[in-house]
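Dear colleague,

Please find the structure below, handed over for your study.

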Amino acid sequence: MSPAMGITTEIKNENDSLESHYQKGVKHLCDNGISKVPNKYVLPVSERPSLNNGGPNAAEPNLKLPVIDFAELQGSNRSQVLKSLTTACKDFGFFQLVNHGIPGDSISSMIEVCQRFFDLPMEERAKYMTSDMYSPVRYGTSFNQTKDGVFCWRDFLKLICHPLPDVLPHWPSSPVDFRKLAVTYSKETKQLFLTLMEAILESLGLGEDAKKKTGGEEEDQDDDIVEKLQDGSQLMVVNCYPPCPEPELTLGMPPHSDYGFLTLVLQDDIQGLQILFQGKWVTVEPLANSFVVNIGDHLEIFSNGHYKSVLHRVVVNSAKRRISVASLHSLPFRVHG
């Protein structure tokens, strides 16, 4: 072997070793101690969040999203709240949902048990690493770690939630109370989604009796969309964004829209979510005991473009870890053979 080939092989082995290191996630990286963001996570200048120095990706002052009071939506003020809901879905694609009826204990317990999951040893978390997109449980890092050239500053745990009896045995068994708390939370968010969808259909001028064609087959024409959504897909994504030594160089998640009908996001009290509003990135202010709800691509299509699926991203910070739990809801998955 020539000296040049030997050097090339050595460099390749070193790169493979680093790549294997990065595949274990940001939490693993931070636990081993870092003071700079590795090149694997450094975005091109044009794509950086520009937290402090202006530029095309700089964020504007914080945005207070429209607030929808779920309790009032169920009461005598429903017609007025439906108007507010229409405005939020058309102009923002996002809103904050308060007085939603999910107990505060369920919310705080879900955030807390997710924090404990990410605090487990790497060996325990690694049990759930897989490249199988259809696995009932998947632990991973970045946005799409098999394709991303530049990694995002994010680790995740994805849980398929339907049908629950089939997937539950595959969910993490540690922490010991994880399954119990996550099941309760998934059921509560599914019911909240269904009730919210009924209101959204009404706001679109489609009452309880509205029938809508939702598939390619002719027999689908008379199916009730709510009935389909009751048996629809639910994916729960727990996101962990560890403190980042150079947050201006990277993102927790890149600009993207969500695929489903609605996403219900539970976040802790740390800022990070930004939406593209009137051509500028704006930071969403966390609101205690609320859900951030956003329109997905499927709902934009279903509404003939009246309601907007909006680009959003996540920025990170150097001081505190951020945890969020996104519950994505849509029609049943169809796997074609």
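Predicted model: local features only at pLDDT ≥ 70, side-chain atom pairs only at ≥ 80, totals over all residues.

Residues are numbered from 1 along each chain as its sequence is written, and side-chain values use heavy atoms, with hydrogens and water left out.

The pair belongs to two neighbouring elements. Strand 8 (residues 262-267) is joined to strand 11 by 4 bridges in the antiparallel sense. Strand 3 (residues 94-98) also runs antiparallel to strand 11, again with 4 bridges, and here F94 has N294 as its bridge partner. Two strands count as paired if DSSP finds at least two bridges between them. Helices (H or I, at least four residues) and strands (E, at least two) are DSSP runs, numbered from the N terminus. In general, strands of a sheet pair through backbone hydrogen bonds, either parallel or antiparallel.

Strand 11 itself is mostly covered, as 5 of its 5 residues are buried; buried means under 20% relative accessible area, exposed over 50%, and partly exposed in between (1.4 Å probe, protein chains only). From this strand, V292 and N294 point one way, whereas F291, V293 and I295 point the other way. In a regular strand the side chains alternate between the two faces of the sheet.

N294 deserves a separate paragraph. This residue lies in strand 11 (residues 291-295). N294 has a relative accessible area of 1% and is therefore buried. Its side chain makes a polar contact of 3.1 Å with the side chain of D258. A polar contact is a pair of N or O atoms within 3.5 Å; within protein, one must be able to donate a hydrogen and the other to accept it, and residues adjacent in sequence count only if both atoms are side-chain atoms. Leaving aside residues up to four places away in sequence, N294 touches G93, F94, D258, F261, L262, T263, V265 and H312, where contact means heavy atoms within 4.5 Å.

Helix 4 (residues 78-92) and helix 8 (residues 178-203) meet at an angle of about 85°, with their axes 9 Å apart. Axes are lines fitted to C-alpha atoms, for helices over the stretch in contact, and angles run from 0 to 180 degrees between N-to-C directions. The two helices are therefore roughly perpendicular to each other; angles under 35 degrees count as roughly parallel, over 145 as roughly antiparallel, 65 to 115 as roughly perpendicular and the rest as oblique. In this contact, R78, L82, L85 and T86 of helix 4 meet E198, A199, I200, E202 and S203 of helix 8.

Finally, the protein chain has 10 helices and 13 strands, and buried residues make up 50% of its 337 residues.

Yours sincerely
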